Amino acid sequence: MNKYNFIDIEKKWQQRWRDRKVFAAEDFSIKSKKYILDMFPYPSGAGLHVGHPEGYTATDIIARYLRMKGFNVLHPMGWDAFGLPAENYAIKKNIPPWKSTSENIATFKRQIQSLGFSYDWDREINTSTPDYYKWTQRIFLELFSHGLAYKKKAKVNWCNGCQTVLANEQVIGGKCDRCDSVVTQRDLEQWFFKITDYAEELFNALDNIDWPESIKLVQKNWIGKSEGAQISFGVTGDNGVAVLDKNFKIDVFTTRPDTLFGVTYIVLAPEHTLVKKLKDRIKNWQEIEAYIHETRTKTDIQRTDLNKEKSGIKIVGIKAINPINKEEIPIFIADYVLENYGTAAIMGVPAHDVRDWEFSQKYDLPIRFVIDGGIKTGQVYTGTGELMNSGEFNGIDSSVAKLKIVEKIGGKIKTQYRLRDWLISRQRYWGAPIPIVYDPEGNLHPVKEEHLPLLLPEDVDFNPKGTSPLGSSEEYKLRAEKLYGKGWHFEIDTMDTFVCSSWYFLRFCDSKNEREFFDQKKASYWLPVDIYIGGAEHAVLHLLYSRFLTKAFRDMGHLKFDEPFLKLRNQGMILAEDGRKMSKSLGNVINPDEIVSKYGADTMRLYEMFMGPLEATKPWSTKNILGVHRFLEKIWAVVSDWEKIGKPSETSDELLRQFHKTFKRVTEDIENFKFNTAISTMMILVNLMVKKKQFSENLLHDFLLVLSPFAPHLAEEISEQLGSDEMLCLQEWPKWDETLTREDKIKIGIQINGIIKGNVFVSIDAEEKDVSELARQEQGVKNILSGKGIKRIIYVRGKIINFVV
Ligand code: ANZ
């Protein structure tokens, strides 16, 4: 054999796999299926990052392994191709987004293909092409016709940097998750998907899927389930003068109905509808109105910031009546109570709620302890306990009192979710046009089926002006009039790119279908996804939206399952060699192309898996990559040596066992996503192969089979050079002999009177008699025991032998 020439070898095998379409997934096979998916990338101008191949290598190992185990595997790849960066690039460089996007896709594809991943490229998806976004638009229309897509004027997050609204999920700590600009509030008409209809199921079903606990927790917190009660307070005028309508009530949502006797005031969100309704009865209206105005500019995050000094205004002229003791209490408006949570009103319990405590300090409101535990310290007490100052409920525990109090006053037990509807419209260009058309009176209508895809116009001014660029297209205007009549015009907002990515995994089942989202039979064969790997940063965006869409699709009759991704794993971040995050500005970015051309794709794949546990954050190391490269060279050399010295005639016993142990361990490690330890096991074997040199060709062949998901090019090449004419990737995964995988000797601790004095190695099935015999011969033990009578021997099988003397 010649030198390990990875450049030629890798090119040759990639070509061969492609030409023979060996990784094409077969629809309707009688074989069992496995759907192995990566989070598809956004093809940025920067090209592939070393972080991408980490997850892709992991799924590729699994996909290749499962094919060899006899499964029909769907392992597709595509491009999440709409989005802001391409549009911003267009503004800066005057290159239209479709052009830069297709160039970036070409680069990404070349780079991904250079790594020898076993994707079924016939199913490739590009979300920015009309054959895909036609179906994204169809989804919009179906959601619309089922009442799950709607337009409303709402307070929304506005990013000045991106000049568009953002979904709540895209606002991180009050800033835009893309450009870091501070997000402000605006009142705008926007499109929403009604994800809140699914809040309960989205929350509960997390318990049934195999996802990292951390991701489930983030989603649970985001959905924010709160169990409490809705309690109605009466409203009256000052000095017992009734308000106009006796039925006026203030409903509050509380998680602590057990504190009802401790309520000393009520707070309404400044936007609460009752405030405007009672305008005529409010004596300090001007003050109230100014405060409402002031609140409008504040985001929910600013309003609920725990460090912010509380503010509010007392409403003069009306009072609330506590339903439990008929006490009249003041009503405030304050911005710490949010408009869009619960009932937009709270009962203030300063003794037992931190925010209320602060508020009461500022406005000098009475503090009444009603749960035992706080009064002793004179500080706010948020725990539970026995009730006090609560009439007939005194002495009862919070958990019981909660229910009893709600029952007594006719309140309602209520579960509240923090999740808000998904805001999907964007005032940007490079996204799927929203398929809605307006008549001259401004009424909205769905774009007709036969007019889909509603193509993105090209004659637009990309420069953001705070309104949608599509509004600047003359062609779009004329098109609407031509199709619908004079004065009609299309919606000019586009959809958030997260809409495109919330369903792409469904399309892979049948990505070329021109008549439907996908063929029903194909979908029921392939779906749901069995294993999904991607970054943890998608916890509440993509992963939540995809779950919602799957459930909505199910309820609209397109799918028969509940959850899209049965098993999810996250790859950890790869840091730069200096331990910092890789970034262009720090100049510490590693380019995968360089690694592939210097060491080869197999080294790159193996190295990324060898760096550490898949989910761990780990720094890049050029030294270690060399080590991995040498490991592959060693494998090559072992076989080359054979040519020189001849194939060995027999296998050493030690090597035989090591081979079988390796087959077993690598199999189990792949199943458990422990790729790094699978590789170290293979390294141990190869070292032994180099040292002992005595192993059969059959064993070598089986070793190449288990190596092949990790370093497929090298493994295939050696196998071919050894005379095999069938590709490894089409062969069966090797079996092992279980008895050969057992450790043949085990260590037994020797104790004298319970104190360890030495060790002895015995065969795994040794009897007490044999162990005792061997232990007594151990030199140190022999010396101590000499001349002493052994009273008793205690043997703990496989662990310890104790001589009592
Ligand atoms: C009285 C009370 C007493 C409360 C007590 C807590 C402790 P989570 O868990 O977040 O759901 N609340 C209700 N609606 C609100 C709104 N629109 N804006 C701001 N705060 C609101 O919290 C529920 C609690 O948050 C509710 O229970 C209410 O305060 C407050 F010792 O009612 B509580």
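Predicted model: local features only at pLDDT ≥ 70, side-chain atom pairs only at ≥ 80, totals over all residues.
**Exercise 1. Salt bridges across the sequence**

Solution. 
- Step 1: Check the contact. A salt bridge needs a Lys or Arg side-chain nitrogen within 4 Å of an Asp or Glu carboxyl oxygen. The side chains of D122 and K21 meet at 3.1 Å, N to O.
- Step 2: D122 sits in the loop between α4 (97–113) and β4 (125–126), and K21 in the loop between α1 (6–19) and β1 (33–38), so the bridge joins parts 101 residues apart in sequence.
- Step 3: D122 is partly exposed, at a relative accessible area of 40%. K21 is partly exposed too, at 49%.

**Exercise 2. A buried partner**

Task: K310 forms a salt bridge with E358. Is K310 buried or exposed?

Solution. 
- Step 1: Take the distance. The closest N and O atoms of K310 and E358 are 3.1 Å apart.
- Step 2: K310 is in the loop between α10 (300–303) and β13 (313–321), while E358 belongs to helix α11 (residues 354–363), so the pair ties together parts 48 residues apart in sequence.
- Step 3: Apply the cut-off. Buried means under 20% relative accessible area. K310 has 6%, so K310 counts as buried.
- Step 4: Look at the partner. E358 has a relative accessible area of 31% and is partly exposed.

**Exercise 3. Neighbours, a network and the total**

Task: How does the accessibility of R515 read against that of E516? Which residues are linked with R547 in a network of salt bridges?

Solution. 
- Step 1: Confirm the pair. R515 and E516 meet through their side chains in a salt bridge of 3.7 Å, N to O.
- Step 2: Classify each residue. The threshold for exposed is over 50%. R515, at 64% relative accessibility, is exposed. E516, at 28%, is partly exposed.
- Step 3: Turn to the network. R547 is linked with E201, K551, R554, D555, D562 and E563.

**Exercise 4. The ligand site**

Task: How many residues surround the ligand, and which are the closest? What share of the ligand's area does the protein bury?

Solution. 
- Step 1: Count the shell. The ligand is surrounded by 17 residues, the closest being S226, T254, Y341, H352 and R418.
- Step 2: Sort them. Eight are nonpolar, five polar and four charged.
- Step 3: Find the strands. β11 (249–254) and β15 (345–348) each contribute at least two residues to the shell.
- Step 4: List contacts to ligand oxygen atoms. The backbone of T255 places a polar atom 3.0 Å from one. Y341 has a polar side-chain atom at 2.5 Å from an oxygen atom. For R418, a polar side-chain atom lies at 2.4 Å.
- Step 5: Work out the cover. The ligand alone exposes 650 Å², and the protein buries 88% of that.

Definitions and conventions: Residues numbered from 1 in each chain as written. Heavy atoms only, no water. Helix = DSSP H or I, 4+ residues; strand = E, 2+ residues; numbered from the N terminus. Buried < 20%, exposed > 50% of the residue type's maximum accessible area, 1.4 Å probe, protein only. Near = heavy atom within 4 Å. Polar contact = N/O pair within 3.5 Å; in protein donor to acceptor, adjacent residues only side chain to side chain. Areas by Shrake-Rupley, 256 points an atom, 1.4 Å probe, with all protein chains shown as cover. Nonpolar A, V, L, I, M, F, W, Y, C, P; charged D, E, K, R; others polar.
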